[in-house]
Amino acid sequence: QESLQRAFGQRRDVRSARRDIRAKRVKLRMSESGLLPSVDLVASFRANGLDQKYGPALNEVLQADDPTYFIGIKASWKLGNQAARSDHEAVQLEKAQALVALAFLERKIFQEVDDAVRSVLQWEALVESRESVEELYRRRLLLQERRFALGRSNVETLIEFQEDLLGAEKLQIEAIVRHHQAWVDLKRTENHLLTLYGLESL
């Protein structure tokens, strides 16, 4: 579980995919604005002259004795805005594709991490098993050396026991190396290897 969380949090391909989705969301919001009506604030001022005679009426206008104010909102839609709708649908498709790509990537990472963890555990178990076998052959050789010292064994048998122990030691070393390689592969899958050595994760 921890390995999977580290992989999802630190791998460059996951971070890149998530950045791409965020960019698609911003782009989608921008495309949505092209489908909205344009709204304008309209304001006007008019001074009316109410006197029926031209002279007094003009004087009333100039003095603004009977002003009229108008404030309103004007909304307009573009008819047949096919280009904006097409762009919006294209961006929606891009976002959907990005989400699907992230889902496939996460599934791929899950499988990679699962395989890597299994490999580590398998080689760890094999290291423990071969360590027990090595210890068994070491004890057998020790007993045989005692028998040889007492004249109850011969050189050929002693050499045979020594070779058995040497073979067990080789197998144990192989298991240790493979276990370490599996561990390195797991940390590489998590993109956590450089961090363990005090370096920034790329």
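The model is predicted, so to speak: local features need pLDDT of at least 70 and side-chain atom pairs count only at pLDDT 80 or more, while totals for chains, interfaces and linings use all residues. Residues are numbered from 1 along each chain as its sequence is written, and side-chain values use heavy atoms, with hydrogens and water left out.

**Exercise 1. Which helices and strands does the protein have, and in what pattern along the sequence?**

Step 1. Start with what counts: helices (H or I, at least four residues) and strands (E, at least two) are DSSP runs, numbered from the N terminus.
Step 2. The protein has 6 helices and 2 strands.
Step 3. Reading along the sequence gives the pattern α-α-β-α-β-α-α-α.

**Exercise 2. Compare the span of α4 with the expected one.**

Step 1. The expected span of a helix is 1.5 Å times one less than its number of residues.
Step 2. α4 has 68 residues, and 100 Å is expected.
Step 3. From first C-alpha to last, α4 reaches 99 Å, close to that expected value.
Step 4. Look just after α4 too: Gly151 takes a positive phi of about 80° there.

**Exercise 3. Is Ser3 buried or exposed, and is Ile173 buried or exposed?**

Step 1. Use the cut-offs: buried means under 20% relative accessible area, exposed over 50%, and partly exposed in between (1.4 Å probe, protein chains only).
Step 2. Ser3, in helix α1, has a relative accessible area of 11%, so Ser3 is buried.
Step 3. Ile173, in helix α5, has 51%, so Ile173 is exposed.
Step 4. Now find the partners of Ser3, where contact means heavy atoms within 4.5 Å. Leaving aside neighbours within four places in sequence, Ser3 is in contact with Val113, Val117, Leu186 and Glu190.
Step 5. For the whole protein, 23% of the 202 residues count as buried.

**Exercise 4. Which residues touch the most other members of the largest nonpolar core?**

Step 1. A nonpolar core is a set of buried Ala, Val, Leu, Ile, Met, Phe, Trp, Tyr and Cys residues joined through side-chain atoms within 4.5 Å.
Step 2. The largest one has 17 residues, and Leu105, Ile109, Val113 and Leu186 touch the most other members.
Step 3. Two or more residues come from each of α1 (2-10), α2 (12-33), α4 (82-149) and α5 (155-190).
Step 4. α4 gives the most, with 9 residues.
Step 5. Take Ile109 as an example: beyond neighbours within four places in sequence, Ile109 is in contact with Leu4, Ala7, Phe8, Arg11, Asp13 and Val14.

**Exercise 5. How do α1 and α2 cross, and which residues make the contact?**

Step 1. Two packed helices are described by the angle between their axes and the distance between the axes.
Step 2. Axes are lines fitted to C-alpha atoms, for helices over the stretch in contact, and angles run from 0 to 180 degrees between N-to-C directions.
Step 3. The axes of α1 and α2 come within 5 Å and cross at roughly 55°.
Step 4. Under 35 degrees counts as roughly parallel, over 145 as roughly antiparallel, 65 to 115 as roughly perpendicular and the rest as oblique, so α1 is oblique to α2.
Step 5. Ala7, Phe8, Gly9 and Gln10 of α1 meet Arg12, Val14, Arg15 and Arg18 of α2.

Key
Contact = heavy atoms within 4.5 Å.
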